[in-house]
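Look at the model first, then read on.

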Amino acid sequence: MHAKKWRESKKTKMKLKVYADRMSQPVRAVIIFCKLNGIEYEEVRVDISKLQHLTPEYSEINPMNQLPAIVDGRFKLFESHAILIYLACSYPGIPDHWYPADVRKRSEIHSVLDWHHSNLRRGPGIIYQNTIPVSVLGRRFNPEAVAEGEKFLSASLSKIESFWLKDKGQFLLGGNKPSIADLSLVCDIMQLEVLDETDRDRLLGPYKKVEQWIENTRSAANPHFDEVHKILIKAKEKRQNLRLKGANNEGGGSAMKKPWLSRI
Ligand SMILES: N[C@@H](CCC(=O)N[C@@H](CS)C(=O)NCC(=O)O)C(=O)O
């Protein structure tokens, strides 16, 4: 449909809703994508730390009780990769590089995205969840789990560096413009920003091409990339305070009493 006609028809419908907690990596990818591409949306906050994603109301939106999810008119969708593909295909004027029309390029993007979920996705999440001394998610520091997460992370970063980034392109599929795969994977790695700088550098420092690719994606997606990731700076400060409190208050505060463990 012609872009102008499409926009007019959209005005009469309800605005796209994105159910979001910006602490979530896949949520950030979806929000940045919308902002970069001028997709109008309403951000509906679902606070994972308050377990709002487990309410019956949210189950109606996403029966899997995870974030992100979207509602576009009567259409509901969960899973960030599926959401990014839906937005890239159904909103007008999205530059081709995000999700190219060429079927082979598209398939290569799917290949990265599928790989993402069973590989890279495990590292930063496990490290994030298990390095909080007294966590709002009901977890505490778990060195074995962190070591396991670091193993997953290094294995994934090393594959990214030696396979997708081995040539001169700035992004995973070569070329000088990012795709939804770059955005999705980089948002995941960004979760490491909540760690102390020495830990973050120890984990990412050996992968120079990965570091450059993160920077390329960040520049291509700025100013929205930095704005949406601001929450991680706050989270880092909060974690430092929690660590201090936890050290002074071994045994845990009220957050420790939550039996339910959430996953970011
Ligand atoms: N494969 C899903 C992963 C979604 C996911 O793991 N979301 C996390 C936040 S990053 C979540 O909702 N965690 C809450 C829980 O699992 O209880 C996607 O890409 O959308």
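## Helices α5 and α8

Helix α5 (residues 103-118) packs with α8 at an angle of about 15°, and their axes lie 9 Å apart. Axes are lines fitted to C-alpha atoms, for helices over the stretch in contact, and angles run from 0 to 180 degrees between N-to-C directions. The two helices, α5 and α8, are therefore roughly parallel to each other (angles under 35 degrees count as such).

Which residues of α5 meet α8? They are Ile-109, Val-112, Leu-113 and His-116, facing Ile-180, Ala-181, Ser-184 and Leu-185 in α8. Contact needs C-beta atoms, placed from the backbone, within 7 Å. The residues of this contact divide into 6 nonpolar, 2 polar and no charged. Here Ala, Val, Leu, Ile, Met, Phe, Trp, Tyr, Cys and Pro count as nonpolar, Asp, Glu, Lys and Arg as charged, and the others, Gly among them, as polar.

## Helix α6

Helix α6 spans residues 122-130. Its buried residues are Gly-123, Pro-124, Ile-126, Ile-127, Tyr-128 and Gln-129 (buried: 20 or more other C-beta atoms within 10 Å of the residue's own, with C-beta atoms placed from the backbone). They pack against α7 (143-164) and α8 (180-189).

Strands β3 (residues 69-72) and β4 (residues 75-78) pair in the antiparallel sense over 4 bridges. Pairing takes at least two DSSP bridges. Asp-72 has Phe-75 in β4 as its bridge partner. The hairpin has 2 residues between the strands, and Gly-73 takes a positive phi near 65°.

## About the model

This is a predicted model: local features need pLDDT of at least 70, side-chain atom pairs count only at pLDDT 80 or more, and totals for chains, interfaces and linings use all residues. Residues are numbered from 1 along each chain as its sequence is written. Helices (H or I, at least four residues) and strands (E, at least two) are DSSP runs, numbered from the N terminus.

Terms used. Buried ≥ 20, exposed ≤ 12 C-beta atoms within 10 Å, placed from the backbone. Contact = placed C-beta atoms within 7 Å. Parallel < 35°, antiparallel > 145°, perpendicular 65-115°, else oblique.
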